[in-house]
Amino acid sequence: MKEEFKVISKFIEEKSRVLDVGCGDGILMEFLSKNKVVDIRGLEISKEKVKKCLSKGLAVIEGDAENDLKQFPDLSFDYVILSQTLQAFMNPEKVIENLLRVGKKVIVTIPNFGHWKVRLDLLFKGEMPVTKNLPYQWYDTPNLHMCTILDFYNFCKNRGINIFKTISLNGQTISDIKRSNLKYKNLISELGIFLLEK
Amino acid sequence: MSNLNQLNSVLIKKTLKLDCGKEISNFPLAYETYGNLNENKDNAILIFHALTGDQYASGINPVTNKEGWWNYAVGPGKPFDTDKFFIICANVIGGCMGSYGPGSIDPLTNKPLGTNFPVITINDMVNAQYNLLDHFKIEKLFAVAGGSMGGMQVLQFVSNFPNKAKVALPIACTASHSAQNIAFNELGRQAIMSDSNWKEGLYNEKSTNPDKGLAVARMAAHITYLSKQGLQEKFGRNLQERSDLKFGFDADFQIESYLRYQGSVFVDRFDANSYLYITRAMDYFDLTKQFGGNLSKAFKNTKTKFFIISFTSDWLYPTSENKDIVIALNAIGADVGFVEIKTDKGHDSFLLDVPDFLSTIKNYLNTTYSNINERRI
């Protein structure tokens, strides 16, 4: 999703140190390396994807965010990115805690389970929703902890996590999420992008 | 063996102070090179060999007439592409392929040094090989690389000379030799030293050779280089050229015959005293201790890009020990990549045809080389 990368790239200042957690094939890492002068590292659980990243010369280590984030010292990165991975963790709360420890700022993007298509699927079909951003069946999904933009907003508020900025992505449309339009954006956004600080 | 004096070798005149306190100078370091050094002198890679390797990483070893030890990785179009890179590989000091070692002649007595050769360390090996940069007038290497003991040398090299290699590839190694590894090395040394032909290390003088001890040392070590699954799949309980058990102690099983063969060919190419000295150097290797228990300090201020590789079935230098190096590097924000390659070929994987491993290194080196040249980092 190019728009997501553009938003993330806008959040990040030049010459900063960035860690991409769950960096996959390294597409976002490459995008940021090309568009910003950044010192970027990646952490990825899949051997195949790590090999792809290393083949591209990217500094990626094979590891699991739930166990391997602890090796990074406090505030050792200016930005830590978690792109559409939070829902796949056994313990997302602990992961967020660790991200906020390692990074001065944290960027989290979540596929929004509050999107109207998702709501309608369940309401009318009575089946677990299968959409473009959530293409899995209930039995083979890696997504253990789905949430909505509103859920994640409340999650941060309850833990005293500062939300600097929240962006809504709906197709090609990028817009700001504010307190006043939160419920509406929670209905129309496919993706929520949060910029956080401890 | 053909005459070792005819091999490429540089005489190191500078005094080298060894970790044991002794000093050596005017000693030979045998080396081999592959490919060509380019005009900018920015394409040189120094490869470090493992315990029983030598300078012949590629092509045909002129002394043994066998293929070089890293033939899968070094050569034209291979990961360490000799069409592109200038590869240097030296025989470690303590070795037996032309570098200064226990087989070298003591000018005072005109006899081989034997156990009068000083005990050397990985640090000593690396400091000796550093002289090759002067010899080839190379300001900075593109990369240093090696597996097993070669990987330990990579770590020590970057620690000693933080600004002399752009890329470091320590493969299947450790920053601190484990008790299990010391134990296996001790088993090998005891096998050699309890062979009556060892003669306190003076076997050359007495025209004997502790072949049996050295062969047993090799057999034991060879088992540690393979995985249980690999052995089971390759040999199982297959019998060696017989249809039934013979109720004796001949090699009934294929695995026995294989190990005996590995032992017997090894003694033709390797020196027993070198085996003692080099295994000792591995045992003494503890980079963490060298830096007061904090491995990160070994790499302080390094700008080198690290790529660390381990293998799933390597129980001799397991992933956990390789990962300790990754963790230490991450703690200081160093540039580090790491992957564990899936294979059932055990510790020996780095020497064998493991396509995933070879292709990842090839792509990594090529991309990194062009990235560095484009951005002039």
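Guide: Two residues are in contact when they have heavy atoms within 4.5 Å. The model is predicted. By that cut-off, and leaving aside its neighbours within four places in sequence, Lys164(B) is in contact with Tyr130(B), Leu133(B), Glu139(B), Lys140(B), Leu141(B) and Phe157(B).

Visitor: Where is Lys164(B) placed?

Guide: Lys164(B) sits in the loop of chain B between α2 (149–160) and β12 (165–171). From Lys140(B) it is 24 residues away in sequence, but 4.7 Å away in space, C-alpha to C-alpha.

Visitor: Why is Lys164(B) called buried?

Guide: The word applies under 20% relative accessible area. Lys164(B) has 17%, so it counts as buried.

Visitor: What makes Thr368(B) count as buried?

Guide: Its relative accessibility is 2%, which is under 20%, so Thr368(B) is buried as well. This residue belongs to helix α10 of chain B.

Visitor: What does the side chain of Thr368(B) reach, and why is that called a polar contact?

Guide: The side chain reaches the backbone oxygen of Tyr364(B) at 2.6 Å. The limit for a pair of N or O atoms is 3.5 Å, so the distance passes. Beyond four places in sequence, Thr368(B) is in contact with Phe142(B), Val167(B) and Lys305(B), and also with Gly57(A) of the other chain.

Visitor: How many residues does each chain give to the contact between chain B and chain A?

Guide: Chain B gives 25 residues and chain A gives 18. The area buried between them is about 1,700 Å², with 51% of it from carbon and sulfur atoms.

Visitor: How many salt bridges does the rule find across this interface?

Guide: Three. One of them joins the side chains of Lys47(A) and Glu340(B), 2.5 Å from N to O. The rule asks for a Lys or Arg side-chain nitrogen within 4 Å of an Asp or Glu carboxyl oxygen, so this pair qualifies. The rule also finds 12 residue pairs in polar contact across the interface. On the side of chain B that touches chain A, the residues divide into 10 nonpolar, nine polar and six charged.

Visitor: Which residues of helix α7 of chain A are buried?

Guide: In α7 (residues 149–158) they are Ile149(A), Phe152(A), Tyr153(A), Phe155(A) and Cys156(A).

Visitor: How do you know where on the helix they lie?

Guide: Seen down the axis of α7(A), the buried residues fall within an arc of 160°, so they line one face. They pack against α5, β5, β6, α8 and β8 of chain A. After the helix comes Gly160(A), with a positive phi near 70°.

How values were computed: Residues numbered from 1 in each chain as written. Chains lettered and ligands numbered in written order. Predicted model: local features only at pLDDT ≥ 70, side-chain atom pairs only at ≥ 80, totals over all residues. Heavy atoms only, no water. Buried < 20%, exposed > 50% of the residue type's maximum accessible area, 1.4 Å probe, protein only. Helix = DSSP H or I, 4+ residues; strand = E, 2+ residues; numbered from the N terminus. Arc of directions from axis to C-beta. Buried area = accessible area lost by both parts, 1.4 Å probe. Polar contact = N/O pair within 3.5 Å; in protein donor to acceptor, adjacent residues only side chain to side chain. Nonpolar A, V, L, I, M, F, W, Y, C, P; charged D, E, K, R; others polar.
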